[in-house]
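Subject: Structure for you to look at

Dear colleague,

I am handing over the structure below, and after it you will find an account of what came out of the analysis. Please read the two side by side.

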Amino acid sequence: MKIALLGYGRMGKEIEQIAISRGHEIVIKKDANDVIDINLADVAIDFSVPTSAFDNITNCINNNVPVISGTTGWLEKYNEVVALCEEKKGAFIYASNFSLGVNIFFELNKQLAKMMSHLEDYNISMEEIHHTKKLDAPSGTAITLAEGIIKNSSKTMWELDQKTVENSIPIVAKRIPDVPGTHTVWYNSEVDTIEIKHTAHSRKGFALGAVIAAEWILGKTGVFNMKDVLNIG
Ligand SMILES: NC(=O)C1=CN([C@@H]2O[C@H](COP(=O)(O)OP(=O)(O)OC[C@H]3O[C@@H](n4cnc5c(N)ncnc54)[C@H](OP(=O)(O)O)[C@@H]3O)[C@@H](O)[C@H]2O)C=CC1
Ligand SMILES: O=C(O)C1=N[C@H](C(=O)O)C[C@H](O)C1
């Protein structure tokens with residue numbers, strides 16, 4: 001496959017290595033202000049910045065190039081992308097986290113939320129830890145985890161770094177040098193604590209998942225997610 005990398009930062013470089021090792025060719029490496037011809041690519045992988053993801057993705061869809069996006073912090077425009085993709089019969093996947101481990105963790109989190117939903121003695125809270133270069137907080141993964149809990153319990157919203165609303169899930173975001181991504185969900189009662197935690201040891205799992213998604217989407221039309229790609233849940 002001829003791959004366009006929209007964003008050639010930490011993730012773009014990690015994806016390049018894995019894509020080449022799986023026999024693909026990188027034909028475009030785009031950073032800020034680079035002008036590109038997206039039609040050179042069979043598929044595009046966007047790991048850029050929150051302010052550029054929407055333009056990168058819509059440029060692909062308007063040119064009929066399937067696109068995978070892992071950029072976080074732009075989701076207020078997600079529904080607009082879905083509508084465009086349907087109108088143009090394009091192909092698009094967004095995931096807040098492309099690693100197999102986190103996608104299993106997402107399913108575990110939903111199951112646990114269901115089991116805990118009637119146990120009023122437990123207080124729920126979450127923490128995400130990332131490297132100090134991360135632009136957004138809370139992480140996209142933490143938001144997906146919170147949404148999974150909200151769908152399966154009486155919780156109605158999440159809040160960053162505080163709890164001001166009775167039915168909310170507080171998320172603490174910590175920034176520590178070089179941490180690729182750690183997410184924890186706690187259910188705490190007076191007598192015990194239940195904790196589920198995912199720790200990424202590097203960016204390899206995210207990058208491999210993104211390349212697998214790019215291989216999977218070729219020849220398809222529609223809006224998909226990582227559950228479709230990995231066939232889990
Ligand atoms: N879904 C997932 O599994 C994962 C998601 N992420 C997310 O991916 C994104 C990127 O992360 P990361 O690689 O660590 O960040 P980096 O800051 O290392 O890389 C971002 C790159 O995007 C480039 N960029 C800026 N503007 C544009 C533009 N208009 N078009 C294309 N590229 C542009 C930057 O270039 P320049 O330096 O020139 O500004 C930079 O090289 C983040 O949103 C992060 O949260 C990260 C890991 C996993
Ligand atoms: O910015 C990062 O590094 C990461 N971002 C994603 C997120 O916001 O959840 C995924 C992963 O945790 C790494």
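The crossing of α1 and α6 is right-handed, a crossing being called right-handed if the near helix is turned clockwise from the far one by less than a right angle, and left-handed if anticlockwise. Please keep in mind that this is a predicted model, in which local features need pLDDT of at least 70 and side-chain atom pairs count only at pLDDT 80 or more, whereas totals for chains, interfaces and linings use all residues. Residues are numbered from 1 along each chain as its sequence is written, and chains are lettered from A and ligands numbered from 1 in the order in which they are written. Helices (H or I, at least four residues) and strands (E, at least two) are DSSP runs, numbered from the N terminus.

Helix α1 (residues 10-21) packs against α6 at an angle of about 60 degrees, with the axes 9 Å apart; axes are lines fitted to C-alpha atoms, for helices over the stretch in contact, and angles run from 0 to 180 degrees between N-to-C directions. The two helices α1 and α6 are therefore oblique to each other (under 35 degrees counts as roughly parallel, over 145 as roughly antiparallel, 65 to 115 as roughly perpendicular, and the rest as oblique). From α1 the contact takes Met11, Glu14, Ile15, Ile18 and Ala19, and from α6 Lys204, Phe206, Ala207, Leu208, Ala210 and Val211, where contact requires C-beta atoms, placed from the backbone, within 7 Å. By class, the contact of α1 with α6 has nine nonpolar, no polar and two charged residues (Ala, Val, Leu, Ile, Met, Phe, Trp, Tyr, Cys and Pro count as nonpolar, Asp, Glu, Lys and Arg as charged, and the others, Gly among them, as polar).

Turning to the sheet, five strands form an open, mixed arrangement in the order β7-β8-β6-β9-β10, with pairing taken to require at least two DSSP bridges between two strands. Because β7 (157-160) and β10 (193-199) stand at the edges with a single partner strand each, one side of each is left without a neighbour in the sheet. Strands β6 (residues 123-130) and β8 (residues 168-175) pair in the parallel sense over five bridges, and histidine 130 stands opposite arginine 175 in β8. Helix α4 (residues 100-116) packs on the sheet, where α4 touches β9 (182-188) and β10, and its direction makes about 165 degrees with that of β10.

Key:
Contact = placed C-beta atoms within 7 Å.
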